[in-house]
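Notebook open, structure loaded. I wanted to look up a few local spots and jot down what turned up.

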Amino acid sequence: MSTVNIKIDGKEFVVKEDEYILNAARANDIFIPAICYLTRCSPTLACRICLVEADGKQVYACNAKVKEGMEVTVDTPNILQERRAIMEVYDVNHPLQCGVCDKSGECELQNYTLQLGVDSQSYMIQDTKRETKNWSSVLHYDAGLCIVCERCTTVCKDMIGDAAIKTTKRGGEALDKGYKTSMPKDAYSMWNKLQKSIIAPSNGTDFTDCSDCGECAAVCPVGALVSRDFQYTSNAWDLSRVPAVSAHSSDGFQIFYEVKPASIEDREEKIFRVTNEWNYVSLDGSARFAYDFENRGVSKDKKAFNSAVEALKKAKTIRFNSVITNEEALMLQKLKEELGLKLYNPEVRAFQKFLNFYKEASGNSLYTTDADAIMKNSDFVISLGTALRNDAPGLKYAFNNVQKLNKGAGLYFHTIADKLIPTFGKSVESFIHKAGLEEAALYLILDLFADESKLPSDVKDYIASFKSSETKTVKEKVMKTIKEMVKDEETGESKEVSKKVSEMVEKEITIEKNGLVDLLGGNSDKFEETFAKMMKKKESFSMMIGEDLYYHENAQNIAKLIALVEKTTSIDVVMSPPKANALGVALICDLSDEAEGYTVGYNENGDFRLSALGDGDLDMPAMNQQEGTLTNMSKRVVPTNAALSYGGYELNDLVSEFIEAKRETIDWTIELPTDKGYKAVAFDSLSNSYSNDGTENRGYLLEVSSSDVEEILVDKFDETLALDGEIIYRCNPARQFSDFTDKAHEIFEPFGLYASVAKAEELGEKVEIEFENGSIVVDVIVDDKMEGNITKLSDFKSAKDIYGLFGESRYKIATVRKA
Ligand code: SF4
Ligand code: SF4
Ligand code: FES
């Protein structure tokens, strides 16, 4: 990392080169007031309160970069005057409803008003009526409270990628002309803009068509944008914050469960909301809103416990899923070893096999990058084998962020066109290809990015076999000079004049065709030129891959191709683990390909059910009632804490009936397998925070090893594997990952078959889908961002056993009938 030396208020600091002054100050614990700027997003210059003096000139700290030798002064008399005026302006006509406002106590308007000592008001203007609106099932907007800082629109565009809200005309009164000369300049400009705008859904309606992530409300500095469910339920200062990990997607986002007693009568703690360190981590809708999935009112049921012990004694298999801590996964592994059981987890098994294939082929114990590194460094990103919007919120944010912040480019390979992806940036190219052709996409990636000298000759020849040239006759407009006689109107004499005219001529041109581009749904006539533009000034390349590849018939060859991509290109790869703690389970447990005999289900179907969902034969604590660790997509072992109490038995109690157990579940943390990269660190020694410069200090990173491999032998792909017909894709709606998200009252996405508008119209309201080994009747639900004929069947309800219907694939050809 290159650095420069600067001085802030006379103190010397070594800071990152190319950093904004504001970030450099924050990283060194220097406070500069700032309202509109969001770390990891582009500066909007809406508030102007971050004014500082740099080398004698007034600049905005959020938008001016540090330079070698720069001297920054945070406060000068003029700047203090500007800031004070800005805060006075923000307070003009701001409704005095702090007593009931949701933001009171954590409101930046309150804080800065006090901090800058605003105890009188110099400005006034007639207020305009500003409407209060419910934009969606989760968002409530009060335009009267809005200070138009644009944080909400910025995070939605730059980070989330939905760009679902924007500033729009407010129709406010014009400022008194006298203010232009009588008040501080920046305060005037800010006020002028503020009077003109409010925030509204970008689609021109009163409702946001978005992924309901709630991040806009999280970043709102005042009470203008709040969660509808949280509104008027609690004062911020009544809530206690419990640092934890989101239990749903494999991003393993850090969250805070905010709790207090349910009511005056009911003193049992309840989660009222989830908050986050939004400067460093952006949540998806499941992390923010799927928080109330606890198993309430459970006490120790000795009879049920004894039955569970008997069930385990006769069990041949334990079936479970990814919503489990590393410690529980280790307990199951120990039980397996002790009792000779099979561990069956169809959510994770394919991923585990894929990781092993990759390790064998590449010599790396784990993949080479993560979402955070992509956001920070990458300017070219490829997504392959994942329905980005549904599967991997953190990777979707990273893909979008690369386009918006890093002036990047992106290639999106998938079988289903997603209308949102091309909106991320002008340099995003989507390849919508047939299911089964993922290997072809990897050969194209090798063709486009590999250092040819590193490619095995058979691979080079194979790629070359897709190239051809074609002579085409095209029509071209050419300008031609012709001579003609014209008569001079005055003299009547004829004279010869030259004139340029256009003419269409035929011309033969040679077009280089790339069969891989065409096979994958692209157009090789145009792609070469487009790709050349995309590659301009690009230096850092990354690829995100997902479940479609793990469940592919040729997963082993795909893993080898991924290893070859890493070896022959400068692309780093991140793998999206399917859901929650899939990576932890894949590393800790020896999983079997199938279940057999008497099965104990843990939050899954079985002859005996251990369940944290409140519907089993023996109750278990849910993830928000447990301490332990998870292994997230970034290869980080992160600690989670219990937000709510639990009075029943835990897995640890059951395991102690069979093997020497630990007193507490978290006593297992130190024993997580070091040969898989875990460290012998006790739970209580794990930190759980971010530094002011954004450095993540949560838990620890897995140790990753790599060894040299001789050569990577890859197979050609088989075009006949491409699926045709009525194809069903196993894929959840965004915000749904499991029975736990489904249980949460603020998650509304129903189980069903999701289809594009046209396809849904063709299918009707309800269909029966017949697979080779069973059938299911489901509602058809429109996903207006989908295009094409492939439909998505949810898998988040374990009772429906969708994994049983799909077996070891993610795509199935089925018969679909109206029901
Ligand atoms: S709603 Fe909140 S975040 Fe958005 S512009 Fe208004 S004050 Fe800023
Ligand atoms: S909820 Fe998320 S996607 Fe919707 S407007 Fe807010 S930030 Fe954008
Ligand atoms: S924080 Fe710099 S202009 Fe708002």
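This is a predicted model: local features need pLDDT of at least 70, side-chain atom pairs count only at pLDDT 80 or more; totals for chains, interfaces and linings use all residues.

Entry 1. I started with the contacts of Asn 514, skipping its neighbours within four places in sequence. That leaves Leu 444, Asp 447, Phe 466, Lys 467 and Ser 524 in contact with Asn 514.

Where does Asn 514 sit? It lies in strand S21, which covers residues 494–514. Buried or exposed, I asked next of Asn 514? Its relative accessibility is 11%, and the cut-off for buried is under 20%, so I put Asn 514 down as buried. I also checked what its side chain reaches: the backbone nitrogen of Leu 516, at 3.0 Å.

Entry 2. Then I went over to ligand 2 and listed what surrounds it. The shell includes Cys 156, Cys 210, Cys 213 and Cys 216, and Asp 162 and Asp 212 are also among the surrounding residues. Leu 139, Ile 160, Ala 164, Ile 165, Ser 211 and Gly 214 complete the list. Sorted by class, I get eight nonpolar, two polar and two charged residues around ligand 2.

Entry 3. Last stop was strand S33, residues 774–782. Which strands pair with it? S31 (residues 753–755) runs parallel to S33 and is joined to it by three bridges; there I noted Ala 755 with Val 782 as its bridge partner. S32 (residues 766–771) pairs with S33 in the antiparallel sense, over six bridges. Within S33, Ile 776 is the bridge partner of Ile 769.

Notes: Residues are numbered from 1 along each chain as its sequence is written. Chains are lettered from A and ligands numbered from 1 in the order in which they are written. Side-chain values use heavy atoms; hydrogens and water are left out. Helices (H or I, at least four residues) and strands (E, at least two) are DSSP runs, numbered from the N terminus. Buried means under 20% relative accessible area, exposed over 50%, partly exposed in between (1.4 Å probe, protein chains only). A polar contact is a pair of N or O atoms within 3.5 Å; within protein, one must be able to donate a hydrogen and the other to accept it, and residues adjacent in sequence count only if both atoms are side-chain atoms. Contact means heavy atoms within 4.5 Å. A residue is near a molecule or strand if one of its heavy atoms lies within 4 Å of it. Ala, Val, Leu, Ile, Met, Phe, Trp, Tyr, Cys and Pro count as nonpolar, Asp, Glu, Lys and Arg as charged, and the others, Gly among them, as polar. Two strands pair if DSSP finds at least two bridges between them.
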